Amino acid sequence: MNKDYPVFNKWLSVQDWILDRTDSFPKSVRFSFSDRIANLSLDITEGIIEAIYSKDRAYILDKLNLYIEKLRVLFRISFNRKYLSSSQYEFISRELNETGVMVGGWRKSAHEKNRKPV
């Protein structure tokens, strides 16, 4: 599975980073805000696995795209509230963008396979 789906390997390393960062969020938001971020990152991992093993993956990839967008917003809020440094925010923004491009390409391919020839 790892060789055929580079987005899976990429996301595992991003998810490790996310889980490490959210553990260091202030205690006052650790069980609300940081848990939401951690859960979304786990939802993305589960979605990637589901997409790998599903024949009809277009819907799953659409949801993954939405989850990545939600994470972008939550990390922006995290940065604005000073839970992340500038370099951490730049890093996760870049990683989310790269993952989004990978999922987007996979999504486009899945949607094209679902189209019926005219």
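A residue is called buried when its relative accessible area is under 20%, exposed when it is over 50%, and partly exposed in between, with a 1.4 Å probe and protein chains only. By this scale Asp-62 is partly exposed, with a relative accessible area of 28%. The model described here is predicted, so local features need a pLDDT of at least 70 and side-chain atom pairs count only at pLDDT 80 or more, while totals for chains, interfaces and linings use all residues. Residues are numbered from 1 along each chain as its sequence is written, and side-chain values use heavy atoms, with hydrogens and water left out.

The nonpolar core is considered next. A nonpolar core is defined as a set of buried Ala, Val, Leu, Ile, Met, Phe, Trp, Tyr and Cys residues joined through side-chain atoms within 4.5 Å. In soluble globular proteins, nonpolar side chains tend to be buried together. In this model the largest such core has 32 residues, and those with the most contacts inside it are Ile-18, Ile-48, Leu-71 and Phe-75. Two or more residues are given to this core by each of α1 (6–23), α3 (33–53), α4 (58–80) and α5 (86–114). The largest share, 9 residues, comes from α4. Helices (H or I, at least four residues) and strands (E, at least two) are DSSP runs numbered from the N terminus.

Contact means heavy atoms within 4.5 Å. With neighbours within four places in sequence left aside, Ile-18 is in contact with Trp-11, Ile-37, Ser-41, Leu-71, Phe-75 and Ile-92. Gln-15 lies in helix α1 and is buried, with a relative accessible area of 8%. Residues up to four places away in sequence not being counted, Gln-15 touches Ser-41, Leu-42 and Thr-45.

Helix α5 has 29 residues and reaches 41 Å from its first C-alpha to its last, close to the 42 Å expected at 1.5 Å a residue. The expected span is 1.5 Å times one less than the number of residues in the helix. The buried residues of α5 are Ile-92, Glu-95, Leu-96, Thr-99, Gly-100, Val-103, Trp-106 and Ala-110. These buried residues pack against α1, α3 and α4.

Charged pairs were also examined. Side chains of opposite charge can pair when their charged atoms come close. A salt bridge is counted when a side-chain nitrogen of Lys or Arg is within 4 Å of a carboxyl oxygen of Asp or Glu, and the structure holds 4 of them. One of these joins Glu-98 to Lys-10, with the closest N and O atoms 2.9 Å apart. This pair links distant parts of the chain, as Glu-98 is in helix α5 and Lys-10 in helix α1, 88 residues apart. Glu-98 is partly exposed at 36% relative accessibility, whereas Lys-10 is buried at 17%. A network of salt bridges links Lys-10, Glu-95 and Glu-98.

Asp-62 forms a salt bridge with Arg-107, the closest N and O atoms being 2.4 Å apart. Here too the pair links distant parts of the chain, with Asp-62 in helix α4 and Arg-107 in helix α5, 45 residues apart. Arg-107 is partly exposed, with a relative accessible area of 28%.

Glu-69 is partly exposed at 39% relative accessibility, and Arg-72 is partly exposed at 25%.
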